[in-house]
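This briefing is meant for a reader who is meeting the structure for the first time. Please keep the sequence and the model open while reading, and look up each residue as it is named.

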Amino acid sequence: ASELAVKIDKFAAKAFDKTNELYILSRQVLGNLYVKIERIDLAEKYYQEALELAPAVWKKESDEFAGLYKVMADMYYTAGQYKKSLDLLNRARMILEENKSRDYALIASVYYNMSSCTDIGNLSDTAATEASLRKAVYFSSKAEEAGPGFIGYSRMLALFYAYNRQYERADSIYDELLKTTGKEGDKSTKVNLTILAEKGKNLLQWGKKEKAAACIKESISRSRQHWGDTLNWVDDQLAYIGEYYRQTGQYREAIAFWEAAYRMVQRKLGEKNPGLSFTLVSLTNLYLEAGEFKKAEKIVSLLNKLTMEGMADNFDVLSDSEKEKYIINKLYTLHFNNSLLLRDHQTSVGFVKESMDQLLLLKGLVLSENRKTRESVLQSNDTTVQKIYREWLSWRHILSREYSKPLEERRKDLKTMEEKAEDLQKEI
């Protein structure tokens with residue numbers, strides 16, 4: 001995909017003038033691709049180019065501009081920069097509202113993404129999160145192709161209610177969705193059986209164990225009739241069934257379904273895709289809970305590799321505070337390393353070394369990026385960059401002195417000073 005992206009860029013430059021809408025759209029296509037493989041530095045480069053060229057083609061407050069803000073927000077969300085993401089989503093929302101836009105699918109996706117940013121990406125019980133999710137469901141129902149978006153956002157609203165122990169409200173959404181997706185056809189059947197498994201997990205959390213077991217049994221039985229016993233079913237469905245078995249202490253069945261879910265996701269995304277992380281994290285938790293430490297060690301090693309490769313690719317473009325946020329967003333691997341090292345006294349020597357290497361690499365990444373910045377500036381003939389660099393160092397020294405003081409003695413405008421230093425570093 002990365003190799004093809006280079007070709008897309010090359011041929012787009014040959015085929016289109018920079019004021020051509022198709023050239024601008026090619027920047028978005030490339031940005032979207034690099035977000036998916038967590039190359040935030042390259043994604044930001046292409047989105048910024050699109051943003052600079054767009055006024056020559058689109059009106060500043062057009063739906064197209066709103067769409068560009070939305071995909072840029074997706075990028076910052078992936079990088080763990082939730083405030084930036086939310087700011088851009090609000091810009092997109094205001095443009096769409098002022099235009100009285102009829103692009104309901106875009107409006108719905110903006111509100112849905114806002115719900116994820118409301119509380120640092122967590123489905124917490126806040127009025128803002130619920131309101132955004134409900135608006136996403138409402139506007140997706142008005143879209144020309146309402147089906148996939150409406151079902152997806154409705155499921156997320158149900159998960160929100162389940163997370164906040166409003167199980168009855170979640171259950172009523174699942175019942176409506178089962179009616180909506182109850183038609184014949186492979187695609188509709190996949191969605192229907194996944195929602196059935198999801199409903200079973202919600203019923204279990206609600207304390208309705210017999211109804212939960214019946215839902216899971218029906219989902220498995222109908223899937224076997226439809227696809228056979230190979231467990232090459234839908235990854236989400238397999239994960240929900242696996243989670244049901246985990247929560248009921250049936251670890252052998254839980255492992256079988258979660259491993260099948262991982263195989264399906266891996267087949268869909270590829271072996272090195274960062275999108276594997278969620279499934280890998282869930283599988284690791286299950287192995288640790290079931291005492292399968294050797295299996296856990298293998299999965300954590302893969303997580304370590306994916307995480308560190310992503311960090312190495314993305315650190316160049318981030319400021320110090322953004323690096324910190326990005327690292328925090330990826331620290332589940334360190335948690336799993338420590339869990340294994342503390343709980344399994346027979347952890348392999350190789351894994352102990354790998355855990356130490358990861359800590360050293362994290363420290364080294366931060367130090368080496370600061371060193372590279374300094375060397376680049378000092379070797380540059382650009383006096384403007386050197387002036388900005390000296391100003392940034394001055395702010396850093398001031399901040400360092402403030403950090404050494406007790407909290408109550410620090411300057412009141414410390415937050416403003418931090419933002420100023422961060423802006424200067426990004427400019428460099």
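This is a predicted model: local features need pLDDT of at least 70, side-chain atom pairs count only at pLDDT 80 or more; totals for chains, interfaces and linings use all residues.

Arg 165 is exposed, with a relative accessible area of 67%, and its place is in the loop between helix H8 (146-163) and helix H9 (167-180).

**Loops with a positive phi**

- Most residues other than glycine have a negative phi.
- Arg 165, although not a glycine, has a positive phi near 60°.
- Leu 231 likewise carries a positive phi, near 65°, without being a glycine, and its place is in the loop between helix H11 (209-227) and helix H12 (235-247).
- Is Leu 231 buried or exposed? With a relative accessibility of 14%, Leu 231 counts as buried.

**Nonpolar cores**

- The largest nonpolar core has 99 residues, and those with the most contacts inside it are Tyr 47, Leu 238, Ile 241, Tyr 245 and Phe 257.
- Setting aside residues up to four places away in sequence, Tyr 47 touches Gln 28, Gly 31, Asn 32, Val 35, Leu 68, Val 71, Met 72 and Met 75.

**Helix H13**

- Helix H13 (residues 251-269) has 19 residues, which at 1.5 Å a residue should span 27 Å, and this agrees with the 26 Å between its end C-alpha atoms.
- Buried residues of H13 include Ala 254, Phe 257, Trp 258, Ala 261 and Val 265.
- Just after H13 comes Gly 270, which takes a positive phi of about 100°.

- Tyr 111 has its place in helix H6 (residues 104-117) and, at 6% relative accessibility, counts as buried.
- Apart from neighbours within four places in sequence, Tyr 111 is in contact with Arg 93, Glu 97, Ser 132, Lys 135, Ala 136 and Phe 139.
- Glu 130, found in helix H7 (residues 127-142), is buried as well, with a relative accessible area of 18%.
- Which side chain makes a polar contact with the side chain of Glu 130? The partner is the side chain of Tyr 161, at 2.8 Å.
- Not counting residues up to four places away in sequence, Glu 130 touches Phe 160, Tyr 161 and Arg 169.

**Aromatic rings**

- The structure holds 13 aromatic pairs.
- One of these is the tilted pair of Phe 65 and Tyr 69, with 6.0 Å from centre to centre and 50° between the planes.
- Phe 65 and Tyr 69 are separated by about one helical turn because they are four residues apart in helix H4 (residues 63-78), and both are buried.
- The pair of Tyr 77 and Tyr 82 has its ring centres 5.1 Å apart and its planes at 65°, so this pair is edge-to-face.
- Within that pair, Tyr 77 is partly exposed, with a relative accessible area of 28%, whereas Tyr 82, at 15% relative accessibility, counts as buried.
- Ring pairs also link Tyr 104, Tyr 111, Tyr 138 and Phe 139 into a cluster.

**Charges over rings**

- The charged end of Lys 10 sits over the ring of Phe 11, at 5.8 Å from the centre of that ring.
- Lys 208 lies over the face of Trp 206, and here the distance from the ring centre is 4.6 Å.

Technical notes. Residues are numbered from 1 along each chain as its sequence is written. Side-chain values use heavy atoms; hydrogens and water are left out. Helices (H or I, at least four residues) and strands (E, at least two) are DSSP runs, numbered from the N terminus. Buried means under 20% relative accessible area, exposed over 50%, partly exposed in between (1.4 Å probe, protein chains only). Contact means heavy atoms within 4.5 Å. A polar contact is a pair of N or O atoms within 3.5 Å; within protein, one must be able to donate a hydrogen and the other to accept it, and residues adjacent in sequence count only if both atoms are side-chain atoms. A nonpolar core is a set of buried Ala, Val, Leu, Ile, Met, Phe, Trp, Tyr and Cys residues joined through side-chain atoms within 4.5 Å. The expected span of a helix is 1.5 Å times one less than its number of residues. Rings of Phe, Tyr and Trp (its six-membered ring) pair if their centres lie within 6.5 Å; planes under 30 degrees apart count as stacked, over 60 as edge-to-face and the rest as tilted. A charge sits over a ring if NZ of Lys or CZ of Arg is within 6 Å of the ring centre and within 35 degrees of the ring normal.
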